[in-house]
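Please keep the sequence and the model in view while reading.

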Amino acid sequence: MARNRWDREDAPEKHIGLLQLVQMLSLLVIFVAGIIIGIATSPHINRYFDSLAQLTFTNNIASPKISDDNCTILRTCEKVDCLSMEGFVHPDNLTHSMTDDEVLWRASMLPYKKGYPFDRVPKVAFMFLTRGPLPLLPLWERFFRGHAGYFSIYVHTHEDYELNVSTDSPFHGRKIPSKDVEWGSISMVDAEKRLLANALLDFSNERFVLLSESCIPIYKFSIVYKYLIRSKESFVESYDAPTRYGRGRYNQKMLPDIHLYQWRKGSQWFEIQRDLAVYLVSDTKYHTIFKKYCRPACYPDEHYIPTYLNMFHGSLNANRTVTWVDWSTVAPHPPTYDGIDITEGFIKSIRNKGKLCSYNSEMTSVCYLFARKFAPSALVPLLNLTSTVMGF
C-alpha cells in the first residue's frame, strides 16, 4: 500500500518534468529552423537593404539639385562648401528664401568675440529704396567705378520688378527679396529694416546709408567713404517739432511705452553705423506700437527711427542728415529738380550752404554728401559735371 501511495504522488512530478523537456526541445527546433531560414533568405535581405541605401544616398547626396544662384538648394559639398567662412561673412548672392522674421533674426546676431578671423576692410552699404527703375543709374555707376571692395549695393523695389542691368554693373544681382510698399504706411519702415537686415549679413558692412532713386552723390567716392567710415556718430535727423506735423502726430495710446517728450520727427533718409543697424532690426516692441498707432496723418518713416534712437541711443547720433533736400517752400513734398536746374553753381551751393555742422566734435563745412530730389531729365547735365565739379 505504501509503495503505491508514493507512486501516485511521484506521477505528477514526472509528468511536469516530461512536459518541460518537450517545451525545451520545441524551442530548440524553432530556433534551428529560424537560423536555417535566415541563412537561406539573407541574400534577398542584403540586396533589399543595399538597394534602399543606394536609393537614399543617391537622392540626398550623389545627385543633388544644383543651382548656380542659391546655395539653399542642395549641392555636392565636395565641389561647393556651403558652410565656408567666406560665404558666411561675405554673401555674394542676395537671393534667399528667408522670411522677414528669419532674416531680421539672423541679422540681429552680434559676435561677442573681439576682432575678426579674416581680413576685414570696412565697407559702406548703399541701400536704394525705389519704386521701380533707377533713372540716375549711370551717375551712380560712374561714382562707384574703381572702388570695388569698399562698398556694397542693395536695392529694394517692387516685388515683381526685374532690375535689368549689364553684368559688369555694380548693381547687377543686387536686388534683395522685396515686397511692395505703400507710401505713408508701416510698410515703408518694413522695407528700410529689410534693407538693413540683408546688408547686415555681410560682416564687412560698417556704415549703412538709405537712398532713393532720385538721390545723387555730390562728392566723389573717396570723400564720402572716409567721411562715413571715420565718423564716430550716425546721421539721423531727430528733432522735437511742437507743431501738428510733429507732436500733433503723437498718439497717447502709445503710453506708457512712448511719452510725448520722447517723440521725434526727422528725415527718412538716414545713415547709421553697424551697431545701430543691429539694434533697429532687433526691435519688435516699438515697431509693433508704431504699426498699431502711427497711421496717416502720422507717418512711421518720419517718426519711428528718430524716436527710437532718441529714446535709447541718442548719444550715438549726430542728430542731422547727410542728404540735402530743399524744404524752403511750404509744401507736403520738396521740389524736384529737372535738367534745366542743374548747373555748376547749383551743385556747389548744395555742398556749402554757408553753415557749419559738427563732425567728430569739430565744426566742418562739409555737411551733406548726397542730395535729392532729381528727375530723370537731370541725368545728362549731372554726368557733364561729374569730372569738373563732383570729382568723378
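Proline 138 has its place in helix α4, where helices (H or I, at least four residues) and strands (E, at least two) are DSSP runs numbered from the N terminus. At 34% relative accessibility this proline counts as partly exposed, on a scale where buried means under 20% relative accessible area, exposed over 50% and partly exposed in between, using a 1.4 Å probe and protein chains only. Not counting residues up to four places away in sequence, proline 138 touches Leu379 and Leu383, contact meaning heavy atoms within 4.5 Å. The C-alpha atoms of proline 138 and valine 380 are separated by 9.4 Å, although the two residues are 242 apart along the chain.

The model is predicted, so local features need pLDDT of at least 70 and side-chain atom pairs count only at pLDDT 80 or more, whereas totals for chains, interfaces and linings use all residues. Residues are numbered from 1 along each chain as its sequence is written, and side-chain values use heavy atoms, with hydrogens and water left out.

## The sheet

Which order do the strands of the open sheet follow? The sheet has 4 strands in the order β2-β1-β3-β5, with mixed pairing, and two strands pair if DSSP finds at least two bridges between them. β2 and β5 stand at the edges with a single partner strand each, so one side of each has no neighbour in the sheet. Direction ignored, neighbouring strands are turned by 20° against each other on average; axes here are lines fitted to C-alpha atoms, for helices over the stretch in contact, and angles run from 0 to 180 degrees between N-to-C directions.

β1 and β2 run parallel and are joined by 6 bridges, and phenylalanine 128 stands opposite valine 155 in β2. β1 and β3 also run parallel, joined by 7 bridges, and the bridge partner of leucine 129 in β3 is serine 212. Between β3 and β5 the pairing is antiparallel, over 3 bridges, and arginine 207 has glutamine 273 in β5 as its bridge partner. Because 7 of the 8 residues of β3 are buried, this strand is largely enclosed by the rest of the structure.

## Helices on the sheet

Helix α4, which spans residues 137-144, lies across β1, β2 and β3 and runs at about 175° to β1. Helix α6 packs on the sheet as well, touching β1, β2, β3 and β5, and its direction makes about 105° with that of β1.

## The nonpolar cores

In soluble globular proteins, nonpolar side chains tend to be buried together. A nonpolar core is here a set of buried Ala, Val, Leu, Ile, Met, Phe, Trp, Tyr and Cys residues joined through side-chain atoms within 4.5 Å. The largest such core has 49 residues, and those with the most contacts inside it are Phe126, Trp140, Phe171 and Phe374. The elements that give two or more residues to this core are β1, α4, β2, β3, α6, α10 (344-351), β9 (370-371) and α11 (379-390), and α11 provides the largest share, 6 residues.

Leaving aside neighbours within four places in sequence, phenylalanine 374 is in contact with Leu136, Ser214, Ile216, Thr336, Tyr337, Ile342, Phe346, Ile350 and Leu382. Apart from this core lies another, of 44 residues, among them Met188, Leu196, Leu210 and Ala277.

## Salt bridges

A salt bridge is counted when a side-chain nitrogen of Lys or Arg is within 4 Å of a carboxyl oxygen of Asp or Glu, and by this rule the count comes to 11. One of them joins aspartate 100 and lysine 179, at 3.4 Å from N to O. This pair links distant parts of the chain, 79 residues apart, with aspartate 100 in helix α3 (residues 100-107) and lysine 179 in the loop between β2 (151-156) and α5 (186-200). Aspartate 100 is partly exposed, with a relative accessible area of 23%, and lysine 179 is likewise partly exposed, at 42%.

Aspartate 202 forms a salt bridge with lysine 123, their closest N and O atoms being 2.8 Å apart. Aspartate 202 lies in the loop between α5 and β3 (205-212), while lysine 123 lies in strand β1 (residues 123-129). Aspartate 202 counts as buried at 4% relative accessibility, and lysine 123 is buried with a relative accessible area of 11%.
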